[in-house]
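Morning, everyone. I have one protein to show you today. Please look at the sequence and the model as I talk.

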Amino acid sequence: MWQEFKSFAVKGNVLDLAVAVVIGAAFGKIVSSLVDNIIMPIVGLLLGGRSFENLFFQYKDAVIEYGIFIQSIVDFFIIAASIFIFIKLLGSLKRKKEEEIVEEEIEVAPEIELLAEIRDLLKRQSKEQKTGE
């Protein structure tokens, strides 16, 4: 059982996943800071200096803080859009890398190039003989 776990943990996919989790956590902090410190103050200014987090409705002893809910929705959409853009960027970079690999694989061996040249010469000679007759 230990050997299976060891081979599983050492595989590249698990290490990639661990790195992705750490980077994702740091990315989440960056996006949260962007939302909390830049975007929401601008939105607050556009709304006349009001902050979403301070919006609430009180009925007797019950306090419904819908402003925090709105803030969470905005956070979600900005984080989702950021992750979407990040994944699209990675996808385009991966496709470019795959295209480069495919272009490198298309290289033809010298023997095959030589055979193709011989074939083309024979075709040309055959056409010249037919037109010369």
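I will go from the overall layout to one residue, and then to a pocket.

First, a caution: this is a predicted model.

Now the layout. The protein has four helices and two strands. Follow the chain and you read α-α-β-β-α-α.

How much of the protein is buried? Of its 133 residues, 8% count as buried. The accessible surface comes to about 11,800 Å². Carbon and sulfur atoms account for 66% of that surface.

What about contacts along the chain? Take the contacts between residues at least 6 apart in sequence: 38% of them join residues at least 24 apart.

Find Ile-78 in helix α3. Is Ile-78 buried or exposed? Its relative accessible area is 18%, and buried means under 20%, so Ile-78 is buried. Which residues does Ile-78 touch, leaving out those up to four places away in sequence? They are Val-31, Val-35 and Ile-39. Ser-32 is 46 residues from Ile-78 along the chain, yet their C-alpha atoms are separated by 8.8 Å.

Last stop: the largest pocket. It holds about 200 Å³ of space. Which elements give two or more residues to its lining? They are α2, residues 12–46, and α3, residues 66–105. The lining includes Ala-20, Phe-27, Ile-83 and Leu-90. By type, the lining has seven nonpolar residues, one polar and no charged.

Conventions:
Residues numbered from 1 in each chain as written. Predicted model: local features only at pLDDT ≥ 70, side-chain atom pairs only at ≥ 80, totals over all residues. Heavy atoms only, no water. 1 Å grid on protein atoms, 1.4 Å probe; cavity = no way out; pocket = protein on both sides within 12 Å on 5 of 7 lines; lining within 4 Å. Points joined across faces, edges and corners; volume = space filled by probe spheres on them. Nonpolar A, V, L, I, M, F, W, Y, C, P; charged D, E, K, R; others polar. Buried < 20%, exposed > 50% of the residue type's maximum accessible area, 1.4 Å probe, protein only. Contact = heavy atoms within 4.5 Å. Areas by Shrake-Rupley, 256 points an atom, 1.4 Å probe, with all protein chains shown as cover.
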